[in-house]
Amino acid sequence: QVQLVESGGGLVQAGGSLRLSCAASGSIFRINRMAWYRQPPGKQRELVAHITSDGNTNYADSVKGRFTISRDDAKNTVYLQMNSLKPEDTAVYYCNARRTSGINYSTYWGQGTQVTVSS
C-alpha cells in the first residue's frame with residue numbers, strides 16, 4: 001500500500017502563490033505517475049497536472065504557464081507550485097499516485113487539501 005500525505009493548502013489572495021507538497025510512504029516502488037487533481041465546489045474532480053517516471057509532464061489548459069509540477073530525486077515527494085492564483089483555482093486539491101505493471105494498475109489518493117483564493 002501507498003500512503004500520501006498532502007500539505008501546503010490554505011487561503012491566499014488572488015495573484016499570490018502557494019506550494020503544495022505530497023509525501024509518499026509505504027510500498028512506493030515502481031510508481032510511474034504522480035498527479036494533482038482538484039475538485040472545485042459543485043464540480044467534478046479534474047486533472048490539474050501529472051508527471052511520469054521518465055519526466056514527462058502535462059497540465060490542464062487552465063493552469064498552463066502558472067502551475068509547475070515537480071518531484072524529488074527519490075520520486076517519493078511531488079510538488080505543485082501555483083503562481084498567479086485566481087479565484088477559480090479554489091478547490092480541494094488531491095495528490096494521486098499510480099503504479100502500472102503490464103495490464104494492471106493501482107491508484108492511490110491523498111485525503112485532499114483545501115486551497116481558497118480570495119479576490
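A charge sits over a ring if NZ of Lys or CZ of Arg is within 6 Å of the ring centre and within 35 degrees of the ring normal. Here the charged end of Arg19 sits over the ring of Tyr79, 4.0 Å from the ring centre. This is a predicted model, in which local features need pLDDT of at least 70, side-chain atom pairs count only at pLDDT 80 or more, and totals for chains, interfaces and linings use all residues. Residues are numbered from 1 along each chain as its sequence is written, and side-chain values use heavy atoms, with hydrogens and water left out.

**Disulfide**

- The whole structure holds 1 disulfide (a pair of cysteine sulfur atoms within 2.5 Å).
- Cys22 and Cys95 form the disulfide, with their sulfur atoms 2.1 Å apart.
- Cys22 lies in strand β3 (residues 18–26) and Cys95 in strand β9, so the link ties together parts that are 73 residues apart in sequence.
- Strands (E, at least two residues) and helices (H or I, at least four) are DSSP runs, numbered from the N terminus.
- The link of Cys22 and Cys95 is left-handed, with -85° about the S-S bond.
- Both Cys22 and Cys95 are buried.
- Buried means under 20% relative accessible area, exposed means over 50%, and partly exposed is in between (1.4 Å probe, protein chains only).

**Salt bridges**

- Side chains of opposite charge can pair when their charged atoms come close.
- A salt bridge is a side-chain nitrogen of Lys or Arg within 4 Å of a carboxyl oxygen of Asp or Glu.
- By this rule the count is 4 salt bridges.
- One of them joins Arg38 and Asp89, whose closest N and O atoms are 3.0 Å apart.
- That pair links distant parts of the chain: Arg38 is in strand β4 (residues 31–39), Asp89 is in the loop between β8 and β9, and they are 51 residues apart.
- Arg38 and Asp89 are both buried.
- Asp61 and Lys64 also meet through their side chains in a salt bridge (3.0 Å, N to O).
- Asp61 is exposed, with a relative accessible area of 63%.
- A further salt bridge brings together the side chains of Asp89 and Arg66 (2.8 Å, N to O).
- Asp89 lies in the loop between β8 and β9 and Arg66 in the loop between β6 (57–59) and β7, so this pair ties together parts that are 23 residues apart in sequence.
- Arg66 counts as buried at 10% relative accessibility.
- Salt bridges that share partners join Arg38, Glu46, Arg66 and Asp89 into one network.

- Asp89 is found in the loop between β8 (77–82) and β9.
- Asp89 is buried, with a relative accessible area of 1%.
- The side chain of Asp89 makes a polar contact with the side chain of Arg66 (2.8 Å).
- A polar contact is a pair of N or O atoms within 3.5 Å; within protein, one must be able to donate a hydrogen and the other to accept it, and residues adjacent in sequence count only if both atoms are side-chain atoms.
- Leaving aside neighbours within four places in sequence, Asp89 is in contact (heavy atoms within 4.5 Å) with Arg38, Arg66, Phe67, Ser84, Val115 and Val117.

**Aromatic rings**

- Rings of Phe, Tyr and Trp (its six-membered ring) pair if their centres lie within 6.5 Å; planes under 30 degrees apart count as stacked, over 60 as edge-to-face and the rest as tilted.
- This rule gives 2 aromatic pairs.
- Tyr94 and Trp109 form an edge-to-face pair, at 6.4 Å centre to centre and with 85° between the planes.
- Tyr94 lies in strand β9 (residues 91–101) and Trp109 in strand β10 (residues 104–109), so the pair ties together parts that are 15 residues apart in sequence.
- Tyr94 counts as buried at 13% relative accessibility, whereas Trp109 is partly exposed, with a relative accessible area of 38%.
- Tyr37, Tyr94 and Trp109 form one aromatic cluster.
- Arg45 lies over the face of Trp109, at 4.5 Å from the ring centre.

- Ile69 lies in strand β7 (residues 67–71).
- At 4% relative accessibility, Ile69 is buried.
- Not counting residues up to four places away in sequence, Ile69 touches residues including Met34, Trp36, Ile51, Tyr59, Tyr79 and Leu80.
- The C-alpha atoms of Ile69 and Met82 are separated by 8.9 Å, and these residues are 13 residues apart along the chain.
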